[in-house]
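Hi,

Here is the model I promised to send over. Have a look at it first, and then read on for my notes on its pockets and cores.

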Amino acid sequence: MVKNNLKGFVMKNLDVKISVMQLSDLESIAPILETDFDDFWNYNVFKSELENANSKYLVAKIGTEIVGFAGIIPILDEADISNIVVRKSFRGKKIGSLLLQSLLDLAVSLDLKVLNLEVRESNCSAIKLYDKFGFEVCGIRKKYYDNVENAVLMKKIID
């Protein structure tokens, strides 16, 4: 279990549990991965990520229902956040905040010093979330998404 320190966060009466993601979790959401969570990654790409010993993924569940997931890929004393995704019908309930805090807790437990990420320039809610957790903009990748949309590069020094 990943410890999380979300003092002051109200989960709107949801009993959300965060745990290490298993391949069986991916199998259970495979039919709805692209429709209920976004077309972020297809099943095969995500499966290979979960099978990668370097990748670390967490899953958010309410009861047995998966409502979100998030991952990091550690590289020496840094890590890239690969994704934070919440099921569309559960957005706006602070589950993304819970997942991000859990990733930060995981990073501390792995003795990481920096977390990096990229986010679509148009994803204002994600940028706001990262800003709230102390991530700072450190660059732009022009036309990174589909050779059209810029990616905002952000990082957080873990202290």
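By class, how many nonpolar, polar and charged residues does the lining of the second largest pocket have? There are eight nonpolar, three polar and one charged. Bear in mind that this is a predicted model.

That pocket has a volume of about 170 Å³. Twelve residues line it, and Val20, Met21, Ser55, Lys56 and Tyr57 are the closest to its centre. Strand β2 (residues 56–62) provides the largest share of the lining, three residues.

Now for the largest pocket, with about 1,300 Å³ of space. It is lined by 37 residues, and the closest to its centre are Ile84, Val119, Asn123, Ala126 and Tyr130. The elements giving two or more residues to this lining are β4 (78–86), α4 (95–109), β5 (114–120), α5 (124–132), β6 (136–145) and β7 (149–157). β4 gives the most, seven residues. By class, the lining splits into 17 nonpolar, eight polar and twelve charged residues.

On to the cores. The largest nonpolar core has 33 residues, of which Ile81, Leu115, Tyr130 and Phe135 touch the most other members. Among the elements that each supply at least two residues of this core are β1 (16–20), β3 (65–75) and β7, while α4 gives the most, with eight. Phe135 is worth a click: leaving aside neighbours within four places in sequence, Phe135 is in contact with Ile81, Leu100, Leu115, Leu117, Tyr130, Met154, Lys155 and Lys156.

Cheers

Notes: Residues are numbered from 1 along each chain as its sequence is written. This is a predicted model: local features need pLDDT of at least 70, side-chain atom pairs count only at pLDDT 80 or more; totals for chains, interfaces and linings use all residues. Side-chain values use heavy atoms; hydrogens and water are left out. On a 1 Å grid over the protein atoms alone, a cavity is a set of points where a 1.4 Å probe fits but cannot get out, and a pocket is an open set with protein on both sides within 12 Å along at least five of seven lines; lining residues have an atom within 4 Å of a point. Grid points are joined across faces, edges and corners, and a volume is the space filled by probe spheres set on the points. Helices (H or I, at least four residues) and strands (E, at least two) are DSSP runs, numbered from the N terminus. Ala, Val, Leu, Ile, Met, Phe, Trp, Tyr, Cys and Pro count as nonpolar, Asp, Glu, Lys and Arg as charged, and the others, Gly among them, as polar. A nonpolar core is a set of buried Ala, Val, Leu, Ile, Met, Phe, Trp, Tyr and Cys residues joined through side-chain atoms within 4.5 Å. Buried means under 20% relative accessible area, exposed over 50%, partly exposed in between (1.4 Å probe, protein chains only). Contact means heavy atoms within 4.5 Å.
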